[in-house]
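Subject: Structure handover

Hello,

Here is the structure I said I would pass on. My notes on it come after the file.

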Amino acid sequence: MSSDKKKKILVAMSGGVDSSVAAAILKEQGHDVAGATIRTWSPDNCDNRNTRACCGLTGVEDARDVADSLGIPYWVFNFEKEFKEHVVDYFASEYKKGRTPNPCIACNEHIKFRLFLSRARKLGYDSIATGHYARLVFDAETATYHLTEGMDASKDQSYVLFPLGQDIFPFLSLPIGGFTKDEIRAKAREINLCVKDKPDSQEICFIPSNDYGAFLRREYLTSAGEPGVIRTQDGKILGKHEGYFNFTRGQRRGMGVAFTERLYVLNTDPETNEVIVGTKEQIMQRSFLVSKVNWFAKPDQNIFRALVKIRSQHPKSPATVEQVGENQARVVFDLDQDAITPGQAAVFYEGIKVLGGGWIESVDAGITHELSRS
């Protein structure tokens, strides 16, 4: 969204420094700005669930203080029902299937952008804005928007925005994408925002304790969690576990078993209630299938070269990508990668430009070299 044309913009304000400065920047540019915080859990249940962060109680207070200091209107939206359906239920369902979900991406797709935009439009706002470190570039020739990495590579969040598209981009502003985190902090201090020194949140918002297993057992798997075995791929039993959903592919701590080499979780099998472990060599692979691909700039060739990320903090790595269906692709990295994980996202880049992304469906058992030679 161009800042040259003045808009009526509703900013998604979490109570953190990034979204707060986003609102300040847009107001300085002359836009008619307001802020809103999304409530995702009922405050009455937060203490029992140990999920105070996602209720937004502190976030609401901080965001309201920032809105007051900026002199902009402010709302709190109750999206509890939608958040539970699209984010928390999805999170639990994926773990029950033995996959590793990414709830932040699900939240971005369903809650922070589409649902938030719908509510904003009903309130009479033209557009929405968030504090994500990514950028939108308008291509006048095709009349479409392209998503690119943010200026600060260490904070770039283009990876978690891959499910969005042209239904959202014309109505979206990403004001801080062209700044570094240090510059955003400096801006917050310059205008003396109350959140200027507030630390970044690292945990999943509805599980601030980071104890996924305890959350799943309490909220979704009350009848599950029977002890099962931890074994190697060749069937050697090394110990027992208290619920396969406590483990995720690539995990190397908390197994409580001894072996001659450092062990990693290779897989969890819900049907047999087993956790399969192996060595570093066994967790390193390069070929996998991606489903539900959302293309921003679909390549003309069925087979093309790209840089691919398989986790938010994973360095982009060169790979060959083959389109094997309308919304599927097979990826073969040039070099083995650590813990390619079903349920996580794979995002394709051309330099800093996002070509598209999808969900890792399955990992090939063997290493495939044919595509990497193409």
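The notes below cover model confidence and then the salt bridges.

This is a predicted model. The protein chain has an average pLDDT of 88, and 90% of the residues reach at least 70. Where pLDDT is low, the predicted coordinates should not be read in detail.

The count of salt bridges is 20.

Arg39 and Glu80 form a salt bridge at 2.5 Å, N to O. Arg39 belongs to strand β2 (residues 32-39) and Glu80 to helix α5 (residues 80-96), so the pair ties together parts 41 residues apart in sequence. Arg39 is partly exposed, at 24% relative accessible area, while Glu80 is buried, at 18%.

Asp62 pairs with Lys198 in a salt bridge at 2.7 Å, N to O. These residues are 136 apart, with Asp62 in helix α4 (residues 57-70) and Lys198 in the loop between α7 (181-190) and α8 (212-219). Asp62 is buried at 16% relative accessible area; Lys198 is partly exposed at 23%.

In the salt bridge between Lys316 and Glu149, the closest N and O atoms are 3.0 Å apart. Lys316 sits in the loop between β13 (303-309) and β14 (317-325), and Glu149 in strand β6 (residues 144-149), 167 residues apart. Lys316 is partly exposed at 27%, and Glu149 is buried at 12%.

Regards

How values were computed: Residues numbered from 1 in each chain as written. Predicted model: local features only at pLDDT ≥ 70, side-chain atom pairs only at ≥ 80, totals over all residues. Heavy atoms only, no water. pLDDT = per-residue confidence, 0-100. Salt bridge = Lys/Arg side-chain N within 4 Å of Asp/Glu carboxyl O. Helix = DSSP H or I, 4+ residues; strand = E, 2+ residues; numbered from the N terminus. Buried < 20%, exposed > 50% of the residue type's maximum accessible area, 1.4 Å probe, protein only.
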